[in-house]
Amino acid sequence: MTTAPETTDPLAQKGKPRPIKAGVDDLVEVRMTVNGTPAVLSLPARVTLADALRDHLGLTGTHVGCEHGVCGMCTVLVDGQAARACLLFAVQLDGADIVTVEGLGRPDDLHPLQEAFGRNHALQCGFCTPGFLMSSYDLLSTKPEVTEDELPEELSGVICRCTGYRNILTAVRETHEAHPDGIPAPGNCAHRALVGRATGQGGGSTDGREAGEDTAAEGTRRIDIVLPDGDPTIAVDIETEIGVPVDAVWRVFDDVHLLARCLPGAELTEDLGEDHYGGRARVSVGPIKLSFKGVAHVVAHDRAGQRLRVLAQGQDTGGAQTQADIVLRTEATATGTAMRAEAKVYLTGRIAQFGRALAGDVSRRMFEQFADALREAATSGQAPSGPVKAPSALKLLFAPLIDRIRTALRRGRRTAR
Amino acid sequence: MKAAPFAYVRPSTLPDAIAELASTDGGGKVIAGGQSLVPVLAMRLARPETLVDINSVAELDRIGTAGGYLEIGATVRQRRVERDPVSAAVPLLGMALPWVGHRELRSRGTVCGSLAHADPAAELPAVACCLNAELVVTGTGGARRVPAREFFSGAMTTALGPSDILTAARFPIAGRGEGFGFAEIARRHGDFALAGVAARVRVRGAETDAELTGFGVSDRPVTCSAGGELATALSECGGDVSRLASTLSGPLTAVAEELVDTDGDAHASRDYRRRLFRTLASRELSKAYERARRSAGEVNP
Ligand SMILES: Cc1cc2nc3c(=O)[nH]c(=O)nc-3n(C[C@H](O)[C@H](O)[C@H](O)COP(=O)(O)OP(=O)(O)OC[C@H]3O[C@@H](n4cnc5c(N)ncnc54)[C@H](O)[C@@H]3O)c2cc1C
Ligand code: FES
Ligand code: FES
């Protein structure tokens with residue numbers, strides 16, 4: 001497969017593609033930095049960068065139109081310069097630094113270009129928007145001396161089928177005027193900690209094998225979970241009533257194996273010592289099936305303070321990465337226990353494409369399933385009959401809908417709180 | 001619209017790259033920027049068994065001047081040439097590069113890749129022919145230098161053998177008394193030209209000579225060294241450049257007849273291309289002449 005030397009740091013080779021020789025059916029290993037995060041992919045040589053970003057890393061912001069370089073929809077930054085992601089094979093980008101539209105800004109903190117596009121109605125269907133944003137970012141960052149007259153020609157590499165050109169040009173001109181000496185760097189390129197780096201496998205390995213398969217023999221290593229800076233992708237803060245006394249709930253919390261069996265789709269596979277555990281989790285939503293393999297660290301187990309805090313980090317075979325900081329609090333009530341869960345979930349890759357709202361709904365739904373299982377375990381003192389089923393496609397597709405309706409109804413009350 | 005499977009090799013030395021190509025026995029293709037090759041693969045117009053990626057061959061990644069030439073290695077991107085100050089040594093390159101596709105394509109596309117691809121409507125082969133650049137071709141038998149005007153043998157056909165690599169292109173550095181012109185007409189900026197011209201004029205005292213290359217008008221870039229009527233027209237007009245374009249128009253009619261031999265297509269007939277060529281050529285020759293005289297110190301800048 002690869003003749004490349006192994007290194008543990010994906011960035012060690014930055015900028016230099018390693019020599020390689022791959023047969024027609026071989027998978028080729030590619031290490032690149034995508035929006036600030038190192039990624040290791042393993043894919044056939046004929047997969048384009050556009051497809052690798054969309055299908056292997058879940059970054060579907062990069063659009064694909066013509067697939068032969070004409071329309072510009074797939075424009076991304078490669079080592080700081082705009083390039084067509086459909087005209088590059090991902091394997092050519094070993095060591096490269098890629099920035100996609102996802103890296104340009106955050107939904108709650110947009111890049112000035114994104115702001116200007118919104119303000120000027122420079123998007124109708126939005127299909128060309130990522131391409132225009134990346135192309136105009138490249139223009140304003142590499143040619144700050146560009147004049148207004150040159151803009152139409154300079155931006156002609158991307159085609160807008162909704163013909164929003166006037167507004168697009170206005171948006172780019174305004175951004176240029178606001179930042180005459182060059183525009184701010186992409187605002188959402190953070191280094192996110194990845195699973196398994198300590199074992200020499202970079203995060204986001206997408207070799208198509210089932211999670212666990214490759215590491216079953218070597219086992220999971222204990223790693224320090226470092227949460228990324230910045231806001232989480234999803235913040236969940238939910239309360240639920242469990243009709244059992246606090247003591248019974250904590251008996252479940254005390255037994256990690258029992259606790260794990262209450263988690264929907266989860267399975268504890270290893271005790272790594274010092275409150276670290278290895279495990280697996282499966283989630284499926286519609287056609288998307290994610291199988292995470294990861295590590296959990298119980299950082300606080302404070303019965304007196306009625307607080308349990310767990311950091312978890314997992315990686316899906318498709319390259320999705322999840323990190324979570326979960327705090328469970330209990331409080332005795334007249335009827336049993338009020339349990340409150342605060343979770344901050346950081347997602348990258350395919351899973352992030354659920355859209356925040358839906359991902360939040362899924363998490364909330366999983367929490368409810370967890371609470372149900374917890375109630376059962378606390379009551380019977382035993383694990384729920386069989387591991388709690390992975391949230392199933394059907395249930396999850398409908399449950400979020402119902403949830404949303406409920407949320408809408410409850411909204412008034414919540415905001416009042 | 002996905003490429004058929006292929007084997008992929010990325011050697012780190014030139015001899016390895018050539019050996020890899022040779023070992024495929026004609027079934028291999030070089031990939032440099034991929035800006036022409038990937039669409040061809042995606043449309044399955046070509047199904048090479050092996051792609052030999054030359055981007056890790058360090059010695060191909062250089063640009064610099066030596067011995068009167070600007071030498072551009074095989075993996076040097078078009079955008080790098082466009083931005084590198086050394087390129088000023090060959091003004092015609094700087095005039096032509098912005099016309100090559102779009103910025104996004106030039107970020108990856110190489111100068112040598114464009115020459116090796118040999119699209120008849122491409123700009124860089126025309127520049128190479130107009131200046132008669134030296135193309136360094138390296139194969140199993142070693143390196144040889146092929147004059148650009150002999151390199152292109154037809155639409156997308158060149159002097160490259162199946163295991164040859166175009167390792168560098170050497171463009172002569174412009175001297176005193178030389179001036180250049182470049183223009184094309186395309187349906188949209190960044191598209192291939194319907195017709196285009198590259199012009200080089202040299203003024204040495206009373207002597208004037210010129211080279212004119214047309215592209216998009218034949219199955220390869222076509223060059224004429226302006227002698228006879230054309231040279232006379234150029235030198236006779238003396239200081240009155242305003243009259244030059246119209247003076248040239250006559251002699252250029254014959255040149256257009258001769259050089260523009262493409263059949264018409266959906267976008268332009270042969271006659272239209274001849275008119276385009278004649279108009280562009282007279283304008284660019286005049287500009288080149290004026291620039292040449294300025295460079296020779298005959299006119300005040
Ligand atoms: C939408 C679009 C618009 C375009 N517009 C223009 C335009 O206006 N003008 C223009 O000139 N071009 C245009 N192009 C084509 C393209 O930009 C250039 O031809 C390109 O830069 C070629 O360089 P490359 O390095 O990408 O070559 P590649 O695509 O890597 O290779 C092209 C061909 O040359 C061979 N090759 C490459 N390098 C070598 C080498 N060193 N030795 C031997 N063989 C080699 C390859 O095997 C292949 O057959 C356009 C392309 C697209 C997709
Ligand atoms: S999809 Fe890449 S340019 Fe159209
Ligand atoms: S907004 Fe629809 S394609 Fe541009």
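Trainee: What do the buried residues of α1(A) pack against?
Mentor: They pack against β2 (27-34), β3 (37-44), β4 (75-78) and β6 (97-99) of chain A. Contact means heavy atoms within 4.5 Å. Helices (H or I, at least four residues) and strands (E, at least two) are DSSP runs, numbered from the N terminus.

Trainee: Before going on, what kind of model is this?
Mentor: This is a predicted model, in which local features need pLDDT of at least 70 and side-chain atom pairs count only at pLDDT 80 or more, while totals for chains, interfaces and linings use all residues. Residues are numbered from 1 along each chain as its sequence is written, chains are lettered from A and ligands numbered from 1 in the order in which they are written, and side-chain values use heavy atoms, with hydrogens and water left out.

Trainee: Why is helix α1 of chain A called largely enclosed?
Mentor: Because six of the eight residues of helix α1 (residues 49-56) of chain A are buried. Buried means under 20% relative accessible area, exposed over 50%, and partly exposed in between (1.4 Å probe, protein chains only). The buried residues are Leu49(A), Ala50(A), Asp51(A), Ala52(A), Leu53(A) and His56(A).

Trainee: What follows α1(A)?
Mentor: Gly58(A) follows α1(A), and its phi is positive, near 75°.

Trainee: How much of chain A is buried?
Mentor: Buried residues are 53% of the 417 residues in chain A. The chain has 10 helices and 13 strands. Of its contacts between residues at least 6 apart in sequence, 63% join residues at least 24 apart.

Trainee: What makes Glu29(A) and Arg31(A) a salt bridge?
Mentor: A salt bridge is a side-chain nitrogen of Lys or Arg within 4 Å of a carboxyl oxygen of Asp or Glu. The N to O distance for Glu29(A) and Arg31(A) is 2.9 Å, so the pair meets the definition.

Trainee: Are these two residues buried or exposed?
Mentor: Glu29(A) has 16% relative accessibility, so it counts as buried. Arg31(A) has a relative accessible area of 4%, so it is buried as well.

Trainee: Why is Arg375(A) called partly exposed?
Mentor: Its relative accessibility is 27%, which lies between the two cut-offs. Asp372(A), at 44%, is partly exposed too.

Trainee: Which parts of chain B does the pair Arg149(B) and Glu211(B) link?
Mentor: Arg149(B) forms a salt bridge with Glu211(B), the closest N and O atoms being 3.0 Å apart. The pair links distant parts of the chain, with Arg149(B) in helix α8 (residues 148-151) and Glu211(B) in strand β13 (residues 207-215), 62 residues apart. Arg149(B) is partly exposed at 34%, whereas Glu211(B) is buried at 12%.

Trainee: Which residues do shared partners join into one network?
Mentor: Salt bridges that share partners join Arg18(A), Glu29(A), Arg31(A), Asp94(A) and Arg10(B).

Trainee: What makes a group of residues a nonpolar core?
Mentor: It is a set of buried Ala, Val, Leu, Ile, Met, Phe, Trp, Tyr and Cys residues joined through side-chain atoms within 4.5 Å. The largest has 50 residues, and Ile72(B), Leu93(B), Leu115(B) and Phe171(B) have the most contacts inside it. Helix α7 (residues 123-130) of chain B gives the most to this core, with six residues.

Trainee: Why is Leu45(B) called exposed?
Mentor: Because its relative accessibility is 64%, and exposed means over 50%. Leu45(B) is in the loop between α2 (37-42) and β3 (50-53) of chain B.

Trainee: And how do you know that Thr50(B) is buried?
Mentor: Its relative accessible area is 11%, under the 20% cut-off. Thr50(B) is in strand β3 of chain B.
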